[in-house]
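I opened the model to look up the secondary structure, the packing and a few single residues. My notes follow in the order in which I took them.

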Amino acid sequence: MTTHLDSVSPPIRVAQASELLRTAANTSLPVVMAGDFNIAADTSLDPSFPAYQAIINAGFTEAWPSKRAPDPGFTAHQAENLLNPTSQLSHRIDLVMLRGRFDVTDISLIGNQQADRTSSGLWPSDHAGVAATLRLPAR
């Protein structure tokens, strides 16, 4: 499933994460949740971190650190006009969360390198994308 949690209010993010866990993720089947969670997963000091912790407490693991730690995997935020000359990515808020016997065979960021900028100097987005290759082991 994909999601985009509220970007303004940490309490709303916690409520939205709880709703995801009670509804779409309420299954014994393997689950992949991916999207712009607007949760600073890289720091427990961020007010949005309780939403991340709720997902972890529900048995999910995050794909990025499982394969790329200690690389922080920052995905947000470039300047609104996308013209900043150097990357301003400073938090990991775009996540791939897994529950079940998934193997992360690869995971990388897209749109975070100078070479990804357009010929006019724009970053492709204010976020870097996250591309994950997952394998669900055979039964």
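**Entry 1: helix H1.** I began with the buried residues of H1, which are Arg 13, Ala 17, Leu 20 and Leu 21. Viewed down the axis of H1, these buried residues fall within an arc of 95°, so they line one face of the helix. The arc is that of the directions from the helix axis to the C-beta atoms. I used buried for under 20% relative accessible area, exposed for over 50% and partly exposed for anything in between, with a 1.4 Å probe and protein chains only. On the other side of H1, I found Pro 11 and Arg 22 exposed. The general rule is that an α-helix has 3.6 residues a turn, so residues three or four places apart point the same way.

I then checked the length of H1, which covers residues 10-22. At 1.5 Å a residue, its 13 residues should span 18 Å, and its end C-alpha atoms are 18 Å apart, which agrees. The expected span is 1.5 Å times one less than the number of residues. The buried residues of H1 pack against E1, strand E2 (31-36) and helix H2 (49-57). Contact here means heavy atoms within 4.5 Å.

**Entry 2: source and conventions.** This is a predicted model, in which local features need pLDDT of at least 70 and side-chain atom pairs count only at pLDDT 80 or more, while totals for chains, interfaces and linings use all residues. Residues are numbered from 1 along each chain as its sequence is written, and side-chain values use heavy atoms, with hydrogens and water left out.

**Entry 3: the chain.** I noted 3 helices and 6 strands in the chain. Helices (H or I, at least four residues) and strands (E, at least two) are DSSP runs, numbered from the N terminus. Along the sequence the pattern reads β-α-β-α-β-α-β-β-β. Of the 139 residues, 38% count as buried. Among contacts between residues at least 6 apart in sequence, 68% join residues at least 24 apart.

**Entry 4: the sheet.** I traced an open sheet of 4 strands in the order E1-E2-E4-E3, with mixed pairing. Its edge strands are E1 and strand E3 (61-62), each of which pairs on one side only. Two strands pair if DSSP finds at least two bridges between them. E2 and strand E4 (residues 94-99) run antiparallel and are joined by 6 bridges. Met 33 stands opposite Met 97 in E4.

**Entry 5: single residues.** Which residues does Thr 3 touch, leaving aside those up to four places away in sequence? I listed Leu 20, Ala 34, Gly 35, Asp 36 and Phe 37. Thr 3 sits in strand E1 (residues 2-4) and is buried, with a relative accessible area of 17%.

Phe 102 is in the loop between E4 and strand E5 (103-110), and at 18% relative accessibility it counts as buried. Phe 102 and Leu 136 are 34 residues apart in sequence and 4.8 Å apart in space, C-alpha to C-alpha.

Thr 118 lies in the loop between E5 and strand E6 (129-135) and counts as partly exposed at 36% relative accessibility.
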